[in-house]
Amino acid sequence: MKSAPQGQGLLSVDTDRRRHLGMLAAGALYLNSSAVQATGARPARLPERPVPAINSALNLPVTRLLDAGEVGAEHWRGKVLLIELWATWCPFCRKQNPLLDRLVRANTSRGLAMLGLYIDERDDDVRRYMREAGYGFSVARYDASWWNVLGRPKGLPIIWVVSREGHLLQVEAGEMFPEDINDLTRWL
């Protein structure tokens, strides 16, 4: 992985792989648009916005988890938090989510947690997706409060890694490969 100088948005991006995935994503999302239109599920649209600088302190908002009540920033304190921006209709999210779920389940005792921020419009689509896949990570809607904290780079999925103290450690745009996902444990 390549590192960007401190203070710039992305810490690690393998540009060739990510560029290739971006081209594939564009084609897949175009092909998937008829399925999205057929179900009526359209993603929430918030404009692109740069991510905070690496090492920035993040003020995580109070979040209403899907079917699990509200949690504040203190809920995540002391844990390394993976925040993923995703959608049920995203083919790359469908490939990446099982890997992230396994990683988090295997490392919960070491302080790893995950919050999936979805952009689907219908909560029922997300409930069904989570139930059918048997995922154990927390999910909440990506809304303006998260947009203000995390920004909104282009693409899906996007991962933000937040330290135990609430600082941004890493941002990944695009599907991560299994070895990249396993490498996230270096922050524990």
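Helices (H or I, at least four residues) and strands (E, at least two) are DSSP runs, numbered from the N terminus. The structure described here is a predicted model, in which local features need pLDDT of at least 70 and side-chain atom pairs count only at pLDDT 80 or more, while totals for chains, interfaces and linings use all residues. Residues are numbered from 1 along each chain as its sequence is written, and side-chain values use heavy atoms, with hydrogens and water left out.

Of its 188 residues, 48% count as buried, where buried means under 20% relative accessible area, exposed over 50%, and partly exposed in between (1.4 Å probe, protein chains only). The chain exposes about 9200 Å², and carbon and sulfur atoms supply 53% of that area; accessible areas come from the Shrake-Rupley method with a 1.4 Å probe, and for residues only the protein chains shown count as cover. Contact is taken as heavy atoms within 4.5 Å. Among the contacts in the protein chain with a separation of 6 or more, residues 24 or more positions apart account for 73%.

Thr-63 gives a first look at the interior. This residue is buried, with a relative accessible area of 2%. Leaving out residues up to four places away in sequence, Thr-63 touches Gly-69, Glu-70, Val-71, Ala-140 and Trp-146.

The interior also holds a nonpolar core, meaning a set of buried Ala, Val, Leu, Ile, Met, Phe, Trp, Tyr and Cys residues joined through side-chain atoms within 4.5 Å. The largest such core has 54 residues, and those with the most contacts inside it are Leu-60, Leu-82, Ile-83, Leu-117 and Trp-160. Two or more residues are given to this core by each of strand 3 (80-86), helix 2 (91-107), strand 4 (112-118), helix 3 (123-133), strand 5 (138-141), helix 4 (144-150), strand 6 (158-162) and strand 7 (168-173). In soluble globular proteins, nonpolar side chains tend to be buried together.

Beyond its neighbours within four places in sequence, Leu-117 is in contact with Ile-83, Glu-84, Leu-85, Trp-86, Ala-140, Arg-141, Tyr-142, Trp-146 and Leu-150. One of these, Ala-140, is also the bridge partner of Leu-117 in strand 5. Strand 4 and strand 5 pair in the parallel sense over four bridges, pairing being assigned if DSSP finds at least two bridges between two strands. Together with helix 3, these two strands make a right-handed β-α-β unit; a crossover is right-handed if, with the strands pointing away from the viewer, the path from the first strand over the helix to the second runs clockwise.

The structure holds eight salt bridges, each a side-chain nitrogen of Lys or Arg within 4 Å of a carboxyl oxygen of Asp or Glu. One of them joins Asp-67 and Arg-127, whose closest N and O atoms are 2.6 Å apart. Asp-67 lies in the loop between strand 1 (63-65) and strand 2 (69-71) and Arg-127 in helix 3, so the pair ties together parts that are 60 residues apart in sequence. Asp-67 is exposed, at 59% relative accessible area, whereas Arg-127 is partly exposed at 27%. Another salt bridge brings together Asp-123 and Arg-141 (2.5 Å, N to O). Asp-123 belongs to helix 3 and Arg-141 to strand 5, so this pair ties together parts that are 18 residues apart in sequence. Salt bridges that share partners also join Asp-67, Asp-124 and Arg-127 into one network.
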